[in-house]
Amino acid sequence: MDIFRKSFDAFYDIIKPIVFSLTKTDPEKAHELFIGFCRTLHAFKLEGLVLDNSANRLNPGFKISNAAGFNKNGEISPSVLKYLGFDRVVIGTVTYDEWKGNSRPRIRRYHKTESLVNWMGLPGIGAREIAEILYNYGNHRVPLTINLMSTPGKKGDDLLRDLEKTVFALREVPYVNRFELNVSCPNTKDSQGGLDARREYQKQVRAMRKTVRENMLSEQELWEKESPDLNETDIDYLLEDADDLIDGLTLTNSTTRHDSRYIPYSPGKGGASGDAVYESSLKTQRLFYGKIQKSGSKLKIIVCGGIKSPERLQERISFGATEIQVYTPIIFSGTKLLREFRSQSAQSG
Ligand SMILES: Cc1cc2nc3c(=O)[nH]c(=O)nc-3n(C[C@H](O)[C@H](O)[C@H](O)COP(=O)(O)O)c2cc1C
């Protein structure tokens with residue numbers, strides 16, 4: 001089995017420069033190619049043969065998921081992602097209505113600094129269609145997280161009803177045992193038309209948490225995904241009654257701070273990920289972790305943001321993380337990174 005997977009990972013390294021060069025002006029096309037490949041494997045039921053490998057049987061002591069945005073509409077089957085090395089699959093961000101997002105190109109790739117900037121604006125096919133896709137995957141046994149947010153443009157009570165309808169559409173789908181509220185997307189417009197609605201969402205965050213919690217099933221968990229651009233006052237506010245309403249925090253989303261060391265030609269909008277977010281994501285995690293420990297809170301932590309090596313992973317684990325999510329590092333390193341995370345952590349742990 002390992003021979004096929006090692007060949008697949010080696011093939012990725014060979015074709016990466018070709019694909020990067022062909023998709024330079026619209027990097028989203030590279031992801032579409034990857035999705036097409038995964039769908040073909042699944043259609044011919046070849047994922048086990050091509051992707052499975054012995055590292056999948058190791059217990060690294062933490063769980064690995066893809067980060068939101070990687071499988072927005074559930075187009076990659078959970079079984080393909082399982083054999084790639086993920087223990088859990090995140091779908092979304094799911095909005096109730098179909099939403100086109102911003103016009104393309106809406107991703108920029110910085111391969112020398114292993115970073116991306118995206119301003120996709122939550123495109124998606126809508127909660128009901130996604131539920132249908134997920135039902136059709138059948139008995140895959142992979143735990144699923146639905147990352148959700150209201151359809152852009154919804155405010156006040158409409159926003160809450162939108163979240164409620166998304167939860168209704170997806171809560172009975174087999175293996176959905178978590179929701180992850182995305183209050184940190186840097187690419188949706190506020191009511192003034194500015195391209196960053198995070199402050200507005202923050203004001204409504206308690207009502208949003210309540211709406212999801214009251215409508216999901218009792219055995220399901222609610223997590224919340226935070227921005228790496230928060231200050232200490234924001235963090236105190238978010239933690240105030242968090243224990244009563246959420247089970248944990250995903251730290252973090254992408255950053256609107258475009259550090260020129262990583263993002264030499266900033267598009268002037270969007271969230272930076274990969275190497276460009278690592279430091280601010282770690283800093284935010286440390287702030288949250290310090291406050292969680294001090295207050296005796298039971299909140300759990302998933303880490304996400306530029307985790308591109310087992311060393312970085314260990315650093316993030318040392319500040320309270322029990323699970324990790326990855327997206328951008330997989331684009332630059334390929335999925336062999338998942339094998340490395342599993343095998344090196346299992347050896348040292
Ligand atoms: C192209 C792209 C699309 C993304 N879409 C979403 C999204 O829909 N919802 C969300 O919560 N995060 C989204 N993210 C943020 C990632 O989930 C993740 O939090 C961030 O990229 C940092 O992790 P990374 O460095 O491993 O990519 C997206 C990231 C990228 C690069």
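I started with the largest pocket, which has a volume of about 450 Å³. Its lining holds 23 residues, and Tyr 12, Val 19, Ala 30, Leu 33 and Phe 34 are the closest to its centre. Points are joined across faces, edges and corners, and volume is the space filled by probe spheres set on them.

This is a predicted model, where local features need pLDDT of at least 70 and side-chain atom pairs count only at pLDDT 80 or more, while totals for chains, interfaces and linings use all residues. Residues are numbered from 1 along each chain as its sequence is written, and side-chain values use heavy atoms, with hydrogens and water left out.

Which elements line the largest pocket? I found that helix 1 (2-22), helix 2 (28-43), strand 3 and helix 13 each supply at least two residues. Helix 1 has the largest share, seven residues. Helices (H or I, at least four residues) and strands (E, at least two) are DSSP runs, numbered from the N terminus. By class I get 17 nonpolar, three polar and three charged residues in this lining. Here Ala, Val, Leu, Ile, Met, Phe, Trp, Tyr, Cys and Pro count as nonpolar, Asp, Glu, Lys and Arg as charged, and the others, Gly among them, as polar.

Next I looked up the second largest pocket, at about 360 Å³. Its lining includes Phe 20, Lys 24, Arg 108, Arg 109, His 111 and Tyr 265. Helix 1 and strand 3 are the elements that give two or more residues to it, and strand 3 gives the most, with three. The classes here are five nonpolar, three polar and four charged.

**The hairpin**

Strand 3 kept turning up, and I followed it. Strand 3 (residues 107-110) runs antiparallel to strand 4 (residues 115-118), with four bridges joining them; two strands pair if DSSP finds at least two bridges. Arg 108 has Val 117 as its bridge partner in strand 4. The two strands form a hairpin with four residues between them, and Glu 114 in the turn has a positive phi of about 45 degrees.

**The cavity**

How many cavities of 30 Å³ or more are there? My search of the whole structure gave one. About 450 Å³ of space lies in the largest cavity. Its lining has 31 residues, with Ala 68, Asn 118, Asn 253, Ser 254 and Tyr 327 nearest the centre. I count 13 nonpolar, 16 polar and two charged residues there.

**Cores**

The largest nonpolar core has 80 residues, and Leu 170 and Phe 179 touch the most other members. Helix 6 (residues 156-170) gives the most to this core, six residues. Another core lies apart from it, with seven residues, among them Tyr 110, Val 117, Ala 272 and Ala 276. A core is a set of buried Ala, Val, Leu, Ile, Met, Phe, Trp, Tyr and Cys residues joined through side-chain atoms within 4.5 Å. Buried means under 20% relative accessible area, exposed over 50%, partly exposed in between (1.4 Å probe, protein chains only).

Last, I checked Lys 294, which sits in helix 11 (residues 275-295). Lys 294 counts as exposed because its relative accessible area is 79%.

How values were computed:
1 Å grid on protein atoms, 1.4 Å probe; cavity = no way out; pocket = protein on both sides within 12 Å on 5 of 7 lines; lining within 4 Å.
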